[in-house]
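Work through the exercises below with the structure open beside the text, and try each task before reading its solution.

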Amino acid sequence: MNFRWSVDYCKEMSGAVHINTAELFLAGQDGSNMMGSPLGVCYPTTTAEVQDAVRWARSKGVPFIARGAGTGLAGGAIPEDGSLVICLTKMNKIRSIDANRRTAWVEPGVLNADLSRQTSREGLHFAPDPSSQQSCTIGGNVANNSGGPHCLSEGVTSAHILSLEVVLPSGETCTFDAETSLFDLRGAFIGSEGMFGIATAIEVRLIQNPPHVATMVVGFASVHDGALAVSAIIAHGIIPSALEMMDAPITRAVEEYVHAGFPLDAAATLIVEIDGLEYSVIDGSRQIREIVSLFGATSFQVAETAVERARIWKGRKTAFGAIARIQPNYYLHDTVVPRKKLAEVLSQVTSIATQEQLQVMNVFHAGDGNLHPILMFDKRVAGVMDRVHRAGAEIVRVSLEAGGVLSGEHGIGLEKRDFMRWMFTENDLLFQQKLRSAFDPDGISNPHKVLPRGSGCTDTASIPPGSWI
Amino acid sequence: MFKQAVNFGGAVEDLQTKIASSDSINIVGTNSTGVASNENEDEELKAPAGIISYEPDELMISVFAGTEIREVNVELQAAQQRIVIPDWGTIGGAVATRRNGLRETHHQTLPNNVLRCTVIAADGSLYQAGGQVVKNVSGFDLVKLLVGSWGLLGLIVEVTMRTEPLPQVSQWVKSAHPQAREQASKLYRPAVETLIEGVTYLLLEGHQNDVEQQISLLKGFVLCEMPSLGHQYQYQNLNFLSQEPVRSIERGIRKQFDPTNKFNKKIAAQRNLLT
């Protein structure tokens, strides 16, 4: 890319666009292991400034990409070479909280965990709770339709967003909500990975904090027994608020790191949480205890205090940090399979890792069949990345063969874009492309993500020379 | 090799052929909304009916969109389960008109419970959105677009939905007192909270002791039956006000999905979506 060209462009934006090497380096990355070379990065603080940035990019034929905290794992926030990164982390105000209606208007840069902290005095919280919730933004949650352990009973981000103020790729602003459009443009926008425009304000639904919570930690002698117990709990008509599984290697790693009291002798550990009114929690816990016993539970503990409960969740949510004690690098996968296929697919995942001589650990949202196999490696070892990618593709393949889907909560981004044809027909993809075209006819908002090349006719315009894709 | 199987048999293939060769199609279910009534010579087409698969343990059911909801409910009740849609019309009709019924106030409304749709497009081809799992962010969310699309984006022939276990107890209460809503705010997440003609209705569900305890917190409420859904039958004006960029996207979507204005012209005209 022509450096002079980029400097001239950025001067036109009166210093609003930063082009120093350090900032461009940071803006070129996200939570994936991919990288792009943006033209510049700007940090708007108002909707009008986002509009200015989009209009400027548009006038120059430069693609743009919205960015939050950059914690996404599928490369959705990796900028196209030569694009403008519109970083929304300075739009981080909670504009209003309506405790009576149990809603809040927030800017996209508000951190997920901060929102729940700010609303806790009203006894309310925002339900989606991805493991990255201490650092990921609500805007990013909207872009990826993020999940988290407690989405089992509460639903993913889309179920908790009432309205969106959006700057469209045309530079116009509008609001998407349930009342003022015929088609559910709000629903279509959520999970569009920044390809339909930029959300500049978000009305979220807040839910009451539960009066009673029981968090149970259950050990099993095999992953198979644990997986069967998961299916049995749901089949019994109990929808816990969270139903997570950890296998023995990750449990050991986490326990050494957090000391949450997980059973070190278990081959699989379930974290089962049930919340709500008093008797439903008491009765639900009793039923869960009976079911897991039938499936050979080897240990059963209930957190007695809020501190114990917090420690269990800290253990679960910092699992990825614990991996650093074992291998310097890891690759976290995300597929979904029907619950009844959990045991079978987990066994296939183990075989795949063995075949490729990789260590694998599993810590995942078992209740909704959302697998997160973690392949661990040292990328300094020659040829290891080939094995990691082969194993990853194979995990995707066995998940789809089991009737599953490509992603449960991380999204497609660049990582799984070329797997889309494994799940969808050309016609399915064509209609996804049609939707994209209605929002962004010129394909300038985060181009070349999600849809594999050749599935539509846009996303080819206005791409500067030297594009990496 | 791994693509979702699209093989729904002869009835769907016949519809595909008819749609491919027709210029003007009116999609009907039981016409319970009154919106889609046929006033001209359009060909009237209805999705096939019947349950395709029901797996109570997976909390999921797949049906042909022309299946009547009451028929589905018979199956579900036998397994102590239910779906979120009120008990009238067809599944496809409820999905196409985003009919939540009284459970609108609860987050588990219809859009969040539809997992997959199979649709016949204007050219007679089939496209599928979503998947048969409860959590899915694989590609753009066409399912959300189809729920409430009023037949303007194609004929929905198949729907996969979440089912949910029946609660142990389900009790409606009501109050016409002006402060009834303040009373309701003392409760922990009633399944439904709705105001109909000045009367606040609450649906309390769950463990019997919890429901009784919640009712004891309320002053001035009386037990009642489910309120009538009669108000839902009112004529729906689809030409409500929208911002111009919203209109423009709606027109763009219709043009992309149905470039020759084949489906539901009357509804498209009402919304100014004829292109």
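This is a predicted model: local features need pLDDT of at least 70, side-chain atom pairs count only at pLDDT 80 or more; totals for chains, interfaces and linings use all residues.

**Exercise 1.** Determine how helix α8 of chain A is oriented against helix α13 of chain A.

Solution. Begin with the axes of α8(A), residues 223-235, and α13(A), residues 342-355, which lie 8 Å apart and meet at an angle of about 150°. Because angles over 145 degrees count as roughly antiparallel, α8(A) is roughly antiparallel to α13(A). The crossing of α8(A) past α13(A) is right-handed. Next, find the residues that make the contact: α8(A) contributes V223(A), H224(A), A227(A), L228(A), V230(A) and S231(A), while α13(A) contributes L342(A), A343(A) and L346(A). Sorted by class, this contact of α8(A) with α13(A) holds seven nonpolar and two polar residues, and no charged ones.

**Exercise 2.** Work out which strands stand at the edges of the five-stranded open sheet of chain A.

Solution. Write down the strand order, which is β5-β6-β10-β8-β9 in chain A, with antiparallel pairing. In chain A, β5 (94-98) and β9 each have a single partner strand, so they stand at the edges, and one side of each lacks a neighbour in the sheet. Then look at the pairing of β5(A) with β6(A), residues 103-106, which is antiparallel and runs over four bridges; here D98(A) stands opposite T103(A) of β6(A).

**Exercise 3.** Describe the side of chain A that touches chain B.

Solution. Count first: 73 residues of chain A are in contact with 53 residues of chain B. Among the elements of chain A that give two or more residues to this side are β9, α8 and α16, and the largest share, ten residues, comes from α16(A). Finally, classify the residues on the side of chain A, which divide into 30 nonpolar, 29 polar and 14 charged.

Terms used: Residues are numbered from 1 along each chain as its sequence is written. Chains are lettered from A and ligands numbered from 1 in the order in which they are written. Axes are lines fitted to C-alpha atoms, for helices over the stretch in contact, and angles run from 0 to 180 degrees between N-to-C directions. Angles under 35 degrees count as roughly parallel, over 145 as roughly antiparallel, 65 to 115 as roughly perpendicular and the rest as oblique. A crossing is left-handed if the near helix is turned anticlockwise from the far one by less than a right angle, and right-handed if clockwise. Two residues are in contact if their C-beta atoms, placed from the backbone, lie within 7 Å. Ala, Val, Leu, Ile, Met, Phe, Trp, Tyr, Cys and Pro count as nonpolar, Asp, Glu, Lys and Arg as charged, and the others, Gly among them, as polar. Two strands pair if DSSP finds at least two bridges between them.
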